[in-house]
Amino acid sequence: MDRRKFFKKAGFATGAAFVLPRFSIASEKSPNSKINVACVGVGGIGAMTFSGMGKEANIVAVCDTDVSYSAKNRRKYAPDAPFFEDYRAMLDKMGKDIDAVTVSTPDHSHFKIAMDAMQCGKHVAVQKPLAHNVWQVRELAKAAKYYNVKTQMMNQGHATGSIRMIKEWFDSGVCGNISEVHVMCGGPNWKSIYFKKPEKFPVEKEEVPPYLNWDLWLNQAAQADYNSIYTPLTWRGFWDYGTGMLGDWFCHTADAPVWCLDLKDPVSVELIESDCSFDPKVFIPNSSIVKWVFPANEKHGELAMYWYDGVKVPKNLPKDWEEDKKLKKDIFMMMVGDKHTIATAERPNFSPRILGKEFFAEFKKNMPAKTIPRVRKDNLYFEWFDAIKGDIKECGSNFNYASQLTEVALLGSLAQRIGGKIEWDAKTMSSPNRPEAAQYIKETPRKGWETPDIPA
Ligand SMILES: NC(=O)c1ccc[n+]([C@@H]2O[C@H](COP(=O)([O-])OP(=O)(O)OC[C@H]3O[C@@H](n4cnc5c(N)ncnc54)[C@H](O)[C@@H]3O)[C@@H](O)[C@H]2O)c1
């Protein structure tokens, strides 16, 4: 399909039609000038986006569907930036002033906002997990290439020297063949601010508060009545909006094994056990164990990866885990090799180590060479800006990699949701033995929020 026809089909607001990425027009800006960033979703972790970009960004616009929840961060970080409730109006009115867009909204709205921004020629940085279903993550990866924009997923551990060091350890061959990976994550913690169980299903209709634009918050999700249990934060437990503990932690804790071992396209994903208070198709489990099987590739033989959340833990936890006070006890990752095992705590930059204290002490005296370039100040936003300015080719967690990492996480969420063993055919993006999975692999967008497929 030619581009003009494609944009017409996309039905995007008139003034925001596709333009070249603004910062790619060399004559327009000097290499030292700041990137003009618009931030969408600024009430919660959006604060990290402002502080992470620091003085290297001009915040030219902010957008949030909750005038009240976002007020504190807007006042603190962008008091003078024009404010919008609808990101489409923001792109329409201010498109020519915007180089790049950050997206820190709940998981279900990442896709459409990022896609529309890329379609307007904007570079994008999107919170983890990249999107809400497998079709979406693949489309975002295709779109980044198609629109030729610089992309970054905000799994901050990926920009650290630590994950690069782990990959250099792995590449040195110290582990031998890795046949098992274990990823543990303690939550959901029902007493935390992030998760709340409803008293009953269906959740009752409440009046939408005047400070919230519920219709825009729903974005492309199905029409639903408002209840205060959804937003802010506690949308995480509801599959319609969140992606559960896998969405919350996998892109951090499993980043190193997915990158080192090039884990993708499992042949199956299976819910080994779970405990649920409600219908698992609607609400996340209290605890679960999930298993993926990956066929052999250049980095490993056939490999099984296990995910544990809630109170579940692997059977044979190593001595280091029990004895080492630096290792957080409920969030832990192990890549188990036939020679040695690499482990970290919650993110790849938390207590990276090779298990076995004496061996690790010796290993550290003669570490493998630093072969992988480091990121300026270990900062994912600086890496993104450097890519936009052309100082580096790509970000580490660009949408190509981010879609690979998120797809594995989302297949785990799918298993938590429909249970049992799901055979997976990556080529056709479908499950041969579980056709009912299709509705979750590509969710139907609400009328008016559709996006045409990116041409192959
Ligand atoms: N990288 C990390 O360490 C990290 C940490 C926490 C959260 N996250 C991710 O960040 C995202 C946001 O999580 P949170 O905890 O900040 O959630 P939150 O509910 O606290 O905040 C989301 C914000 O986005 C706004 N919003 C929602 N829909 C919007 C829309 N369509 N347009 C504009 N604004 C909209 C909300 O009003 C709110 O201000 C999630 O994807 C989450 O997984 C990442």
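Methionine 429 lies in the loop between strand E14 (421–423) and helix H15 (438–441). Helices (H or I, at least four residues) and strands (E, at least two) are DSSP runs, numbered from the N terminus. Phi of methionine 429 is near 50°, a positive value in a residue that is not glycine. For the cut-offs: a residue is buried if 20 or more other C-beta atoms lie within 10 Å of its own, exposed if 12 or fewer, and partly exposed in between, with C-beta atoms placed from the backbone.

Before I go on, the two caveats. This is a predicted model, in which local features need pLDDT of at least 70, side-chain atom pairs count only at pLDDT 80 or more, and totals for chains, interfaces and linings use all residues. Residues are numbered from 1 along each chain as its sequence is written.

Aspartate 262 also has a phi near 50°, again positive in a residue other than glycine. Aspartate 262 is placed in the loop between helix H10 (255–261) and strand E8 (268–275). Aspartate 262 has 15 C-beta neighbours inside 10 Å, so it counts as partly exposed.

Next, the cis peptides. One joins glycine 187 and proline 188, with omega about 5°. Another joins phenylalanine 201 and proline 202, with omega about -10°. Proline 188 is found in the loop between strand E7 (178–185) and helix H8 (214–218), and proline 202 has its place in the loop between E7 and H8.

That brings us to E7 itself. Six of the eight residues of E7 are buried, which leaves the strand mostly covered. Which strands pair with E7? E7 and strand E11 (residues 331–337) run antiparallel and are joined by seven bridges, while E7 and strand E10 (residues 303–309) pair in the parallel sense over six bridges. Pairing here requires that DSSP finds at least two bridges between the two strands. As for individual positions, valine 181 stands opposite methionine 335 in E11, and cysteine 185 stands opposite aspartate 309 in E10. Valine 183 touches Phe250, Thr253, Ala254, Met305, Trp307 and Met333, leaving out residues up to four places away in sequence. Contact means that the C-beta atoms of two residues, placed from the backbone, lie within 7 Å.

Now the open sheet. Six strands form it in the order E3-E2-E1-E4-E5-E6, and the pairing is parallel. At the edges are strand E3 (83–84) and strand E6 (151–153), each pairing on one side only. Strand E5 (residues 123–126) pairs with E6 in the parallel sense over three bridges, and valine 126 has methionine 153 in E6 as its bridge partner.

Two helices pack on this sheet. Helix H4 (residues 87–94) touches strand E1 (35–40), strand E2 (57–63) and E3, and its direction makes about 130° with that of E2. Helix H5 (residues 107–119) touches E1, strand E4 (100–103) and E5, and its direction makes about 165° with that of E5. The axes are lines fitted to C-alpha atoms, for helices over the stretch in contact, and the angles run from 0 to 180 degrees between N-to-C directions.

On to helix H2 (residues 46–53), where Gly46, Thr49, Phe50, Gly52 and Met53 are buried. The cover over the buried residues of H2 includes E1, E2, helix H3 (71–77), E4 and helix H13 (380–388). Glycine 54 follows H2, with a positive phi near 50°.

Then the domains. The assignment gives domain 1 (3–158 + 381–398) and domain 2 (160–371 + 408–439); such bounds come from an automatic or database domain assignment. Their C-alpha centres lie 26 Å apart. The contact takes 24 residues from domain 1 and 28 residues from domain 2. On the side of domain 1 that touches domain 2, H5 gives the most, with four residues.

Last, the core. A nonpolar core is a set of buried Ala, Val, Leu, Ile, Met, Phe, Trp, Tyr and Cys residues joined through C-beta atoms within 7 Å. The largest has 123 residues, and Val37, Ala38, Ala114, Met118, Val124, Leu140 and Val183 touch the most other members. Helix H14 (residues 399–418) gives the most to this core, with 10 residues. Domain 1 and domain 2 each supply at least three residues to this core.
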